[in-house]
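Student: I have a structure to look at and would like to learn how its features are read. Could we go through it step by step?

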Amino acid sequence: MFVDQVKIYVKGGDGGNGAVSFRREKYVALGGPAGGDGGKGANVIFVVDEGLRTLIDFRYQRHFKAKRGEHGRTKGMHGAGSDDMIVRVPPGTTVYDDDTQEVIADLIEHGQRAIIAKGGRGGRGNIRFATSSNPAPEIAENGEPGQERYIRMELKLIADVGLVGYPSVGKSTLLSSVTAAKPKIAAYHFTTIAPNLGVVDLGEKSFVMADLPGLIEGAHEGIGLGHQFLRHVERTRLIVHVIDMASTEGRDPYEDYLQINEELKHYNARMEDRPQIIVANKMDLPDAEVHLQAFREKCPDVKIYPISGVTRQGVQDLMYAIGDLLETIPDRFEVEEVAEVEERVVFKAEPEEIPFVITRDNDIFVVSGDKLEKLTKMTNLNSYDSIQRFSRLMRTMGIDQALRERGAKDGDTVQIGKFEFEFQE
Ligand SMILES: Nc1nc2c(ncn2[C@@H]2O[C@H](COP(=O)(O)OP(=O)(O)OP(=O)(O)O)[C@@H](O)[C@H]2O)c(=O)[nH]1
Ligand SMILES: [Mg+2]
């Protein structure tokens, strides 16, 4: 099965920074702390939209960054949280973390949603840090950084449109002229032995088109490549019936047309009602126009799209006609296909945060770890009170003790993220 695949970057919004401020009221010499909390950063949320069929939009936009929260303000006012960033994805999209290859979400049903990158919480303002021993702290946290990661999205494509016709009428040529698919093309029968799929991008909308192995008389009984591929045709919403109007191999185009429809009907009576578009191909060749006239006289009520897959004459109009027609055809086969998707992991626990790891870079002790690095980002290292708090937290996390065990002495340099500290007993 053909799989559409993209790699993108997502980042939740950072939380807003908490504020440091103090009340200034008439007659109150030294007011208490009044810095509000920062607002919550927005999540990046994926939502299934049944109107989408491919991941093609993600080829153009590969970065999704949600908005950060507002900073806290004076007079105890909190910063506003930001609205989540909603990204629409087609049903059947599986989202993987590109580093760990773990499934983050399996998005199947319309309206189903999953948080793909969490926004950070707002930093606390200095009101929150007042204690009896320090009633007027100059401490405020920076906002928590939003979660960021590279993700891979996969979608098993289901063809909307099937190209059907005799061998060598130009089905693969047509597919290759309107999609990025690169099917084998050659002047002998059964060049295509398995369906090729491609995405036709019409800007506003897109659809998936499959090029199928050629059908011949008796296909419904298993002659030629027969049955197995008729099954694929059965699943497509629209049949595009390609006819060699130049009669390159000497067959009568009208007879071809009847024969193929006969095969489809014999295979499954319902196929007769399947919407069909008739394409007269190879119109660049000398006799094509004469054959087309004759064909039209035999079935005056049938709309025919004359094209050339080689010169691309008429091809664009045909694609727009297909796009328009698809909008009027219900998704009959989706339910059946979705049932084939086995795993349905919807939510997954957050990866566990490693508290910290100490490594040595010559004389420097390097302390790293998600939780710790987050903490440094949330600390305002220009404020004395904040640094005091930070070192207290390092002690509670057991970092001091661990450094000591690794041999750190008074005055040694300790590096955390971008910052360097001096180890003090
Ligand atoms: N002149 C001309 N030749 C074409 C056109 N379309 C296809 N051909 C030629 O017809 C031959 C068969 O083309 P394919 O695209 O492989 O035909 P197909 O229908 O996919 O054939 P199978 O896979 O065998 O069923 C190739 O030699 C193509 O170059 C066209 O519009 N004009
Ligand atoms: Mg082919």
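Tutor: Let us begin with contact, which means heavy atoms within 4.5 Å. Angles run from 0 to 180 degrees between N-to-C directions, with axes fitted to C-alpha atoms, for helices over the stretch in contact. Helices (H or I, at least four residues) and strands (E, at least two) are DSSP runs numbered from the N terminus. In this model, helix H2 lies across strands S9 (161–164), S10, S11 and S12, and runs at about 150° to S11. Helix H5 (residues 288–298) packs on the sheet as well, touching S12, S13 (276–281) and S14, and its direction makes about 175° with that of S14.

Student: What kind of model is this, and how are its parts numbered?

Tutor: This is a predicted model, in which local features need pLDDT of at least 70 and side-chain atom pairs count only at pLDDT 80 or more, while totals for chains, interfaces and linings use all residues. Residues are numbered from 1 along each chain as its sequence is written, chains are lettered from A and ligands numbered from 1 in the order in which they are written, and side-chain values use heavy atoms, leaving out hydrogens and water.

Student: In what order do the 6 strands of the open sheet come?

Tutor: Two strands pair if DSSP finds at least two bridges between them. Here the order is S10-S11-S9-S12-S13-S14, with mixed pairing. S10 and S14 (304–306) stand at the edges with a single partner strand each, so one side of each has no neighbour in the sheet. S10 and S11 (residues 206–211) pair in the antiparallel sense over 6 bridges, and Val-200 has Phe-207 in S11 as its bridge partner.

Student: Which residues coordinate the magnesium ion (ligand 2)?

Tutor: Donors are N, O and S atoms within 2.8 Å of the metal (3.2 Å for Na, K and Ca), and since water is not among the atoms, sites may look incomplete. The magnesium ion is coordinated by Ser-172 (OG) and Thr-192 (OG1), at 2.0 to 2.1 Å. Ser-172 lies in H2 (residues 171–178) and Thr-192 in the loop between H2 and S10 (196–201), so the pair ties together parts that are 20 residues apart in sequence.

Student: Is Ser-172 buried or exposed?

Tutor: Buried means under 20% relative accessible area, exposed over 50%, and partly exposed in between (1.4 Å probe, protein chains only). Ser-172 is buried, with a relative accessible area of 8%, and Thr-192 is buried at 9%.
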